[in-house]
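Have the sequence and the 3D view ready.

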Amino acid sequence: MAAETIAFTERTRQFFAKEYNLLILAALTGVLAGAASTLFRGMIDFFENVFSPSGILGGVPESAVPWLMPLMPMLGGLIIGCGWKWLPRMMEENGIYKVTEAMALRDGKVPRSTIVMCATASSITIGSGGSAGRVAPTVQICAAIGSLVGQLFRMSTNRLRVFVGCGAAAGIAASFNAPLAGVIFSMEIILGEYAIHSFSPIVIASVLGTVTGRALHGNELTFQTPVHEVVTPWEIFFYLILGVLCGLAAQLFISTYFKVQKLFDDKKNIPVILKPALGGLLVGLLAIALPQVRGNGFDILEQALNGELIWYLTLILIFGKTLATGTTLGSGGIGGIFSPSLFVGAMTGATFGFAVHGLLPEWTATSETYALVGMGATASAVVQGPLTAILILFEMTNDYTIILPSMVCCIVAAYTSRRFSKHSLYVQALLNKGIDLNQGRLVSVLRTIYVRDVMSKEAVIFQEDTPFKEVVERVAQVRDLHYPMLNAEGKLTGILAFSDIREAVLNHDGTVDKDTLTAKDLATPDPVTLVPHNNLNEAIEKFTGLDVDQIPVVGVSDPNQILGMLNRADVEAVYNREKLIQNMES
């Protein structure tokens, strides 16, 4: 019976491995992701009701409710803190950057526990009033579903990554009723490439995700906004200025996020269970003065997009939402940064729109138009995904007239932000943890191979008092370019380089007395060394930094004991071999 089951599974895998049958699984992924996205929105609504005056505070006197509402984010944070205390490994898997990490370093294998943990923790954080978004959790939940589908049918590494992209695209599409934006988001942010072999299944998944979302939640635009227009051709210059401002706002958003996160990480004296609660309390206190910073903020966004906010409130909310989001997520709350970045961008655009329309009413559109464009521009700069932002603006509003200023503003904002930081918030979060996506899985592989596996135990060694003539004779008989130097006790004291020896040989001006010259006179003291348990990624970093071809390998307990030499060519050979294997698997 077991053999029959294995045979059936293998036949099923082979069936779906064919290119045209792959679209069937992509469609299935789209349906599952669309349903999960809708269910997650329902969970947020549920917890918003739980933490509302009619929920936990239902039996409290009405006069006390305004004073207790600011404590709701703290209560939600305390629940999240319990997760960090007793389920830390599962909690650490939250965030879009964890999906990109899984794509680069774990062959697209997103932990299936993410589906439940991310949905629960995020909905509690947002529902209790924490300043966070639902986009990142939606992407992560749906990416995990795509990964699970791919693993069930034992897809290759390359196709498993495509299925992660299918889930992410379907999640975005269902969440915003935006199939095009879902496709581009997946390829621009998650996959990081536009490849024809992945385009077709991702499109199918996005379409089915949108259809499922519409069937379960209704076919409505995310935001109901008035019709926008570019008043005069000259107005495009104001959008250029807005792009710069949105790029600066994005940089403020990113730097605040990481600074607050570091501040909480450095507070070792605060128990981990209390950090999210403290962050929630601070957000709750801020919400007393600025209740608009609570939660997802989409209702306030729509007010800004319809010109229902006053200019000084939009100005204050730029900084208020930035601080509230940084505090919520930096203290350990779970949620996304995409929706808050849309919020900050809308307030930046609205504030700028109030100013320019007040000065030049006949030349410029009203503040709500600038709010809409600024919304996409700031998000574009934060995630470094301008094409995604442009399309999501169009699909959320169904207003094509806004495309031209959106294109200009999003590109300028993204480039302005890159003047301060070359990476998106997602990539920077990984870099802060020591993970470089530019080298991706190869770095992961090289970290599992050690110097002891590649080093040469043979080395051309010189004593400090070796005469120059003997040094030249021995060097002429070997291919090595660097040579350890030992003292009378056999301890490593320096390294001779072929280039230095050659320079001494070619010296014809008499400044070098070759008869009295010794190895010690030519050697570089205190050489940089490696130990056997260093990995090859660490070795590559040293080779690159020193620009040398060989590095001595010494003992761990005795750093002056020479064990051998590590050759750069050998490390590069391992790198090229692993790169070839990776390409063959793709």
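This is a predicted model: local features need pLDDT of at least 70, side-chain atom pairs count only at pLDDT 80 or more; totals for chains, interfaces and linings use all residues.

Start with the overall layout. The sheet is open and has 4 strands, in the order E1-E2-E3-E4. Its pairing is mixed. Strands E1 (462-463) and E4 (524-525) sit at the edges, and each pairs on one side only. What holds neighbouring strands together? Strands of a sheet pair through backbone hydrogen bonds, either parallel or antiparallel.

Now find strand E2, residues 482-486. On one side, E2 pairs with E1 in the parallel sense, over 2 bridges. Here Gln 463 has Leu 486 of E2 as its bridge partner. E2 also pairs with E3, and these two strands run antiparallel, joined by 5 bridges. In this pairing, Tyr 483 stands opposite Leu 496 in E3.

Follow the chain between these two strands. E2 and E3 form a hairpin, with 5 residues between them. Look for Gly 490 in the turn: its phi is positive, at about 80°.

Next, look at the side chains of E2. Which way do they point? In a regular strand the side chains alternate between the two faces of the sheet. In E2, His 482, Pro 484 and Leu 486 point one way. Tyr 483 and Met 485 point the other way. Are these residues buried or exposed? All are buried. E2 is thus a mostly covered strand, with 5 of its 5 residues buried.

Note on methods. Residues are numbered from 1 along each chain as its sequence is written. Side-chain values use heavy atoms; hydrogens and water are left out. Two strands pair if DSSP finds at least two bridges between them. Buried means under 20% relative accessible area, exposed over 50%, partly exposed in between (1.4 Å probe, protein chains only).
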